[in-house]
Amino acid sequence: MENKYLISIDYGCDLSMKECIKNNIIPIQLSYVIDDTLLKDNLDEKEYIKIYKKVRKGKKTSIISTNIYVYLDFFYNLLKKNKNILHICEGNLESNNYKWANFAKEVLKEEYNDLNIVIINSNSLSLGAGMLALEASKKRSEDVSLEDVSTWILENAKNVNSIFASHKAKNHVIENGLNKMLSKKTILKLKANGDLELANGTSFNDLYSFLKSGIINSDNSFKNQTLYISHSDNIKDAKVCGEKIKEELGFKNVYYSYMGPSVISNIGTNFLALFFFKDKCI
């Protein structure tokens, strides 16, 4: 049933193009600006490393924002291949991405009477949305229908735990609300409603204790689950943290990815983001 419907994702879900091709996931690709140069993001981790080097030297980066025309063009090209599409948005129900995607769907309905585009907000950021797309791809390969996969995502998206942690007091960040929260050594968690809030802990060293305190006394088992970690050019920190959590809490494996330009422009370097399923958000 893999070719019965398409799976697509928003820009900023931090899956590499290699991973998208491997899992037959179609990502929106946007352009970004760095050092006054406009470039298309090819979701190439080697290119991301080059961007981080420039950011560490003080270069600023920004993303060309999404709008209804981005989604119209994206969906229009997908509909040439298949009129059955599952699209996973980054962010919550109030995000512009979710609104623009649905506006585009309504416009396209006037031209395609038989289209079947299911748009789901992931209620998550970065690889939190990416992991839902990967899980959806697995289920599609197991011949799970579009309707059943959509239902599964809606039921499980609210149980995605999203934890963000900064490492060094001096990060290369742009001063906005989120960055001011993250510019100090701190841990943030994404609540079930999609809002970020400060959590206990001040560094990567506190991550394990924070996770364990939230997971202990839970009936949730991680032995068959993947821990997803995205990082902003600090793979060594990511692997040290990931392997410790895997060993101590029993995750089956750990998936690592680079944060792309959409995240770089907001938080800079030296951050980790952890994502996993649990019976409720900690």
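Predicted model: local features only at pLDDT ≥ 70, side-chain atom pairs only at ≥ 80, totals over all residues.
Helices here are DSSP runs of H or I with at least four residues, and strands are runs of E with at least two, numbered from the N terminus. The expected span of a helix is 1.5 Å times one less than its number of residues.

Residues are numbered from 1 along each chain as its sequence is written, and side-chain values use heavy atoms, leaving out hydrogens and water.

**Helix α3**
- Buried residues (under 20% relative accessible area, with exposed being over 50% and partly exposed in between; 1.4 Å probe, protein chains only) in α3 are I68, Y71, L72, F74, F75, L78 and L79.
- These buried residues pack against β1 (6-9), β2 (25-27), β6 (84-89), α4 (96-109) and β7 (116-121).
- At the start of α3, a side-chain oxygen of N67 comes within 2.9 Å of the backbone nitrogen of Y69.

**Nonpolar cores**
- A nonpolar core is a set of buried Ala, Val, Leu, Ile, Met, Phe, Trp, Tyr and Cys residues joined through side-chain atoms within 4.5 Å.
- The largest core has 63 residues, of which I9, L15, I25, F75, L86 and I153 touch the most other members.
- Apart from that core lies another, of 14 residues, including F251, V254, Y256 and L272.

**Helix α9**
- Helix α9 (residues 235-249) has 15 residues and reaches 20 Å between its first and last C-alpha, close to the 21 Å expected at 1.5 Å a residue.
- Its buried residues are A238, C241, G242, I245 and L249.
- Viewed down the axis of α9, the buried residues fall within an arc of 100° (taken from the directions from the helix axis to the C-beta atoms), so they line one face of the helix.
- On the face turned away from that buried side sit the exposed residues K236, V240 and E247.
- Just after α9, G250 takes a positive phi of about 90°.

**H231**
- H231 belongs to strand β11 (residues 226-231) and counts as buried because its relative accessibility is 1%.
- The H231 side chain reaches the backbone nitrogen of N234 at 3.1 Å.
- Leaving aside neighbours within four places in sequence, H231 is in contact (heavy atoms within 4.5 Å) with Y52, A238, S257, Y258, M259, F271 and L272.

Conventions
Polar contact = N/O pair within 3.5 Å; in protein donor to acceptor, adjacent residues only side chain to side chain.
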